[in-house]
Amino acid sequence: MKATSFLLFSMLWLMLIGLSFYYQVEDDKKYGQKIAYTQAEMFFRHIVLMRQWNAGHGGVYAPVTEQNPPNPYLNTPDRDVTTSTGQKLTLINPALMTRQLADMEKSHSGIRFHITSLTPIRPENKADAWETKALQAFVQGRQSYEELSDIGGQSFYRYMGALVLEPSCLKCHNGPEHKVGDVRGGISVSIPSSSIDDFLSVRLQWLQQSHLLIAAIGLMALLVAYWAQERLNKRLTKARSHLQLAYLDSLTLLPNRRYYDAFVRREWKRATRHHYPLSMIMIDIDFFKAYNDSLGHVEGDQCLRQVARTLRRYFRRSGDLIARYGGEEFCVVAACDSLQIMQLAEILRTAVESMKLPHPESKISQYVTISLGVATLIPRENIEFGDLLLHADRALYDAKHSGRNRVEKYRG
Ligand SMILES: Nc1nc2c(ncn2[C@@H]2O[C@H](COP(=O)(O)OP(=O)(O)OP(=O)(O)O)[C@@H](O)[C@H]2O)c(=O)[nH]1
């Protein structure tokens, strides 16, 4: 893994973790809201049930106390009674019971509920702005309404359920304008959002910690993979450079003689099996000693490199090879016939001459030139591959002795 890939994967991983964190937090918020509204709805249903119980009994009597004075809005003949022992009792109808329970709940848990309507009998039952919105929604046909809203600057999950007139309610709501099934108001239940926020913040903390841990584990795994890959790469590079040292000539970066020998042996066997010709070229730089002597060894090395670079351009096929044979000698092996190898040799000769690399001490040209000896054989069982080398060498000798800067073919 490269450093850029490591960075890319790390960023991708962190993005995934970030996304997972975001969606889980959002999900938890929704879940928290759902819990709040469900809790509020349950409260509402419970109150409605208690009201039904109360209305079913036509109200219940309780002793008159400071906290439980007679209800001035209740116009029934037996609102206040005195027992045979002189105890004063007053009738508690569903509305009064709801109010008393609301006061108790508010001081106990902070949860508020409020019985209200668009036309309340009791002024304290007047709807606030949010409740008015909910009651108007009931007029449009909705049965419940829920929203996150403020009361006195404090945030609440607010739920309101519609109160529907039932037969038992007609004992008190007995005017001609009332009939069973009418929505005559609602009870709003408000749960402080702080109670859910506390639960959410604990969950958020857990999510943060678990995501940080997973992110760190993932990053560590990536780091380990990166580190292992780096180690492997280093080993591979080392192994490759060892291999290169063994088979490459360090000056010209051409394959060396050891590689060349192994290559020729392999090609020789193949050509023997398939009966096709194998050709060889021995190449020698003309008057290279004089070049060295006049310009120095450093320039000599540079000249060898330039000649190698020029020659190498003509060897792209997998069956052909050029190598540094030693000193200022290069050799070529190619799976082709004598005509083709002569053409190639001539191309190589021209290419070096065309470099126009000045040679102040050459007796045949003002530039660096090469002599080439070419040989071709169709391998057979009774011929050694060394014969091909000897023939090429012989041809090179002929090229040297017939004037240099030329190609000579082995003539047998
Ligand atoms: N700079 C440099 N010179 C080298 C290297 N290997 C061999 N030589 C030199 O190549 C020269 C070869 O000289 P000779 O074998 O006499 O051949 P020549 O001078 O080219 O003469 P002909 O081949 O007859 O044209 C020697 O002076 C070697 O020192 C090398 O790696 N770098």
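1. Setting aside residues up to four places away in sequence, Leu372 touches Ile281, Ile283, Ala345, Leu348, Arg349, Leu396, Ala399 and Val407, where a contact is taken as two C-beta atoms, placed from the backbone, within 7 Å. Leu372 is also listed, together with Met280, Ile281, Cys331, Val374 and Ala392, among the residues with the most contacts inside the largest nonpolar core, which has 43 residues. Such a core is a set of buried Ala, Val, Leu, Ile, Met, Phe, Trp, Tyr and Cys residues joined through C-beta atoms within 7 Å. Apart from it lies another core, of 26 residues, including Phe43, Met160, Ala162 and Ile191.

2. The model is predicted, with local features requiring pLDDT of at least 70 and side-chain atom pairs counting only at pLDDT 80 or more, whereas totals for chains, interfaces and linings use all residues. Residues are numbered from 1 along each chain as its sequence is written.

3. For the chain overall, the secondary structure comes to 9 helices and 12 strands, these being DSSP runs numbered from the N terminus (helices H or I, at least four residues; strands E, at least two). Of the 412 residues in the chain, 26% are buried; a residue is buried if 20 or more other C-beta atoms, placed from the backbone, lie within 10 Å of its own, exposed if 12 or fewer, and partly exposed in between. Among the contacts with a separation of 6 or more, 66% are between residues 24 or more positions apart.

4. Which strand is largely enclosed by the rest of the structure? Strand E8 is, because 8 of the 8 residues of E8 are buried. Leu278, Met280, Met282 and Asp284 point one way from E8, while Ser279, Ile281, Ile283 and Ile285 point the other way, and all are buried. In general, the side chains of a regular strand alternate between the two faces of the sheet.

5. E8 runs antiparallel to strand E11 (residues 370-377), to which 8 bridges join it, and E8 also pairs in the antiparallel sense with strand E10 (residues 329-334) over 6 bridges; two strands are said to pair if DSSP finds at least two bridges between them. Met282 has a bridge partner in each of these strands, namely Gly373 in E11 and Cys331 in E10.

6. Ala392, in helix H9 (residues 385-401), is buried, with 28 other C-beta atoms within 10 Å. Leaving aside neighbours within four places in sequence, Ala392 is in contact with Met280, Ile281, Met282, Gly373, Val374, Ala375 and Tyr410. From C-alpha to C-alpha, Ala392 and Gly373 are 5.1 Å apart in space, although 19 residues separate them in sequence.

7. Which residues come nearest to the ligand? Of the 16 residues around it, they are Phe288, Lys289, His297, Gly300 and Gly327. Strand E8 (278-285), helix H6 (288-295) and helix H7 (297-312) each supply at least two residues of the shell, and the shell residues divide into 6 nonpolar, 4 polar and 6 charged.

8. An open sheet of 4 strands, with antiparallel pairing, has the order E4-E7-E6-E5, and its edge strands, E4 (112-116) and E5 (144-151), each pair on one side only. Strand E6 (residues 154-164) and strand E7 (residues 183-192) run antiparallel and are joined by 9 bridges, with Gly185 in E7 as the bridge partner of Leu163. Helix H3 (residues 129-139) packs on the sheet, where it touches E4, E5, E6 and E7.

9. An open sheet of 3 strands, again with antiparallel pairing, has the order E1-E3-E2. Strands E1 (60-63) and E2 (80-82) stand at the edges with a single partner strand each, so one side of each is left without a neighbour in the sheet. E2 and E3 (residues 88-92) pair over 3 bridges, and Lys88 in E3 is the bridge partner of Thr82.

10. His275, in the loop between helix H5 (257-274) and E8, has a positive phi of about 55° although it is not a glycine, and counts as exposed with 9 C-beta neighbours inside 10 Å. Phe287, in the loop between E8 and H6, has a positive phi of about 50° and is likewise not a glycine; Phe287 is partly exposed, with 19 other C-beta atoms within 10 Å.

Terms used
A residue is near a molecule or strand if its C-beta atom, placed from the backbone, lies within 6 Å of it. Ala, Val, Leu, Ile, Met, Phe, Trp, Tyr, Cys and Pro count as nonpolar, Asp, Glu, Lys and Arg as charged, and the others, Gly among them, as polar. Axes are lines fitted to C-alpha atoms, for helices over the stretch in contact, and angles run from 0 to 180 degrees between N-to-C directions.
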